[in-house]
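This briefing covers domains, the contact between two of them, ligand surroundings and some backbone details. Please look at the sequence and the model first.

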Amino acid sequence: MADAYDLIVIGTGPGGYVCAIRAAQLGMRVAVVEKWETFGGTCLNIGCIPSKAMLHASDLFDEAGHAFSSMGIKVGEPELDLAGMMGHKDETVEANVKGVAFLFKKNKIDTYHGTGSVPAAGSVVVTAADGTTTDLKTRNIVIATGSDSATLPGIEVDEKRIVTSTGALELESVPEKLLVIGAGVIGLELGSVWNRLGSDVLVVEFLDRILPGMDADVGKNFQRMLKKQGLEFKLSSKVTGIDTSKKRLSVSVEPAAGGEAETIEADIVLVSIGRKPFTEGLGLDQAGVELDERGRIRTDGHFKTNVDGIYAIGDVIDGPMLAHKAEDEGVAIAEILAGQAGHVNYGVIPNVVYTMPEVASVGQTEEELKAAGVDYRAGKFPFSANGRARAMRQTDGFVKVLADAATDRVLGVHIVGFGAGDMIHEAAVLMEFGGSAEDLGRTCHAHPTMSEAVKEAALAVDKRPIHI
Ligand code: FAD
Ligand code: NAI
């Protein structure tokens, strides 16, 4: 295979583009295949980046309307220019996707536009939009084709009135009433955006709590904060159908356990009930690549599929569907292919919800520790006792540190509060080094910072916080 690539990556989301760059850094001859016009995948085009642009802008709009006056700033009633806000989002996306194209050039990575399929190990066929095909040869293939929104049977998404996150980031006017199906990350982030911009938002959730998987204490407290902001919740409930025949949507909602249905009117329904792995068009049957029971590409724990020379990373394999998890897997497989010891520590992957306040966690929840029979000690510190939080009027929330009762090793950290998504990383670094609550509590933290609450929660594990 003299003219073959060392590596072809299919999909240029955070998993694929990072993998390609790392492989090129390690001296491999690399190509990427992308079916969309722009690089960057779900995350940069229709996910992390546009949603954060809207979260930031809508937060400033909300603050200008509600928070400024309490700090002696008179600006009058702020006026929404939705097209302008969408323009800010689109510019942000454009800058990021162009950035990936620049990085491909810089790292001498060949790029092919079209749908990549894998007839066999060593071979990738790229079918362009006009149907022309290009056959490529390669020593290794990494599949990084990501995921797509899950849908509900009988409910047809048109991305206009019944939308996924993609349509919810493109609405042309502020809906009077937005009904969100699913109180997970997308539902709460995008529900917050439209609530801040003026919609009445009702979140219908199948389970009896929001943010399943996050620490229950955090979930309960956070729900109270969102309620104060105006979001309404209908827990333990399911949507069974939507009548689209009238100007407004009529949504049938039933108790999750079954029972009498009620009809709720809405202008827009956001379906945010999870995402599913995306493998369409890859022709995996032909290559003999196996999927697991949930349609994800099955790997051996080191990204290798059952077929030699074919690997997979990111949302299309098991594990949390997070951009940084995909990125770390991209680096790890590139290093493995270069003969190094690529590795991802799945025990220390931070998880952040970018609402106001933010919710962030790393490691295990109290429920997980209890279920595993681990003897642990918890230390908690509220931001209401933190000077900087008071100065910024951001006193909602707390930090909770969970540590092994015998060894004091930190097993999990959970934060709900302003800037939680940045603060969580000191816990992540500590946990990567197997640090203890005492290590964290004895580390000098600058004053006045929100992060002092992390130190205090660590001290609280040993029942010796200073400021409560
Ligand atoms: P993707 O980013 O999905 O990229 C896959 C790429 O493969 C796409 O470009 C696709 O076009 C391409 N592709 C698919 N099939 C083929 C084929 N056959 N040939 C060629 N190309 C193909 N995660 C976070 O960590 N933080 C966040 O704040 C966050 N916010 C999100 C907000 C929203 C609204 C959504 C929907 C998701 C969000 N996520 C977030 C999740 C994050 O986007 C994903 O975890 C991440 O994008 C997964 O990366 P990936 O590389 O595995 O796949
Ligand atoms: P999710 O898995 O976070 O939440 C889905 C929610 O819908 C759950 O609470 C679930 O119980 C509920 N649900 C499922 N079926 C239902 C039904 N029929 N009726 C009512 N509720 C139902 O999924 P979401 O929010 O769609 O996001 C998908 C993924 O995208 C996330 O899991 C996450 O990995 C990623 N993401 C990450 C973000 C971040 O890191 N900040 C932001 C947005 C998305």
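A salt bridge is a side-chain nitrogen of Lys or Arg within 4 Å of a carboxyl oxygen of Asp or Glu. By that criterion, K89 and E170 form a salt bridge, with their closest N and O atoms 3.2 Å apart. The pair joins distant parts of the chain, 81 residues apart: K89 sits in helix α4, and E170 in the loop between α5 (165-168) and β9 (177-181). Helices (H or I, at least four residues) and strands (E, at least two) are DSSP runs, numbered from the N terminus. In total, the structure holds 23 salt bridges.

The model is predicted: local features need pLDDT of at least 70, side-chain atom pairs count only at pLDDT 80 or more, and totals for chains, interfaces and linings use all residues. Residues are numbered from 1 along each chain as its sequence is written, chains are lettered from A and ligands numbered from 1 in the order in which they are written, and side-chain values use heavy atoms, with hydrogens and water left out.

**Domains**

- The domain assignment gives domain 1 (5-149 + 276-337), domain 2 (162-273) and domain 3 (351-461); such bounds come from an automatic or database assignment.
- The centres of domain 1 and domain 2, taken over C-alpha atoms, are separated by 27 Å.

**Where domain 1 meets domain 2**

- Contact (heavy atoms within 4.5 Å) involves 16 residues of domain 1 and 16 residues of domain 2.
- The two domains bury about 1,300 Å² between them, 66% of it on carbon and sulfur atoms.
- On the domain 1 side, I46, L55 and L82 lose the most area to domain 2, together 33% of what that side buries.
- Buried area here is the accessible area (1.4 Å probe) that two parts lose on being put together, summed over both.
- Between domain 1 and domain 2 there are 2 salt bridges.
- The count of residue pairs in polar contact between domain 1 and domain 2 is 5, with both residues at pLDDT 80 or more.
- A polar contact is a pair of N or O atoms within 3.5 Å; within protein, one must be able to donate a hydrogen and the other to accept it, and residues adjacent in sequence count only if both atoms are side-chain atoms.
- Helices α3 (48-66) and α4 (82-106) each supply at least two residues of the domain 1 side that touches domain 2.
- Of that side, α3 gives the most, with 9 residues.
- The residues of the domain 1 side that touches domain 2 divide into 9 nonpolar, 3 polar and 4 charged.
- In this division Ala, Val, Leu, Ile, Met, Phe, Trp, Tyr, Cys and Pro count as nonpolar, Asp, Glu, Lys and Arg as charged, and the others, Gly among them, as polar.

**Ligand 1**

- Ligand 1 is surrounded by 39 residues, of which E34, T42, K52, G116 and A323 are the closest; a residue is near a molecule if one of its heavy atoms lies within 4 Å of it.
- D315 places a polar side-chain atom 2.9 Å from an oxygen atom of ligand 1.
- A polar backbone atom of M321 is 3.2 Å from an oxygen atom of ligand 1.
- In the side chain of H324, an N or O atom is 3.3 Å from an oxygen atom of ligand 1.

**Ligand 2**

- Around ligand 2 there are 22 residues, the closest being I186, E205, G274, M321 and V352.
- A polar backbone atom of I186 is 2.9 Å from an oxygen atom of ligand 2.
- The side chain of E205 has an N or O atom 2.6 Å from an oxygen atom of ligand 2.
- M321 has a backbone N or O atom 2.6 Å from an oxygen atom of ligand 2.

**Backbone details**

- The peptide bond from M356 to P357 is cis, with omega near -5°, and P357 lies in the loop between β18 (351-353) and β19 (358-363).
- The peptide bond from H447 to P448 is also cis, with omega near -5°; P448 is in the loop between α13 (437-442) and α14 (452-461).
- S236 is not a glycine, yet has a positive phi of about 50°; S236 is in the loop between β11 (232-234) and β12 (237-243).
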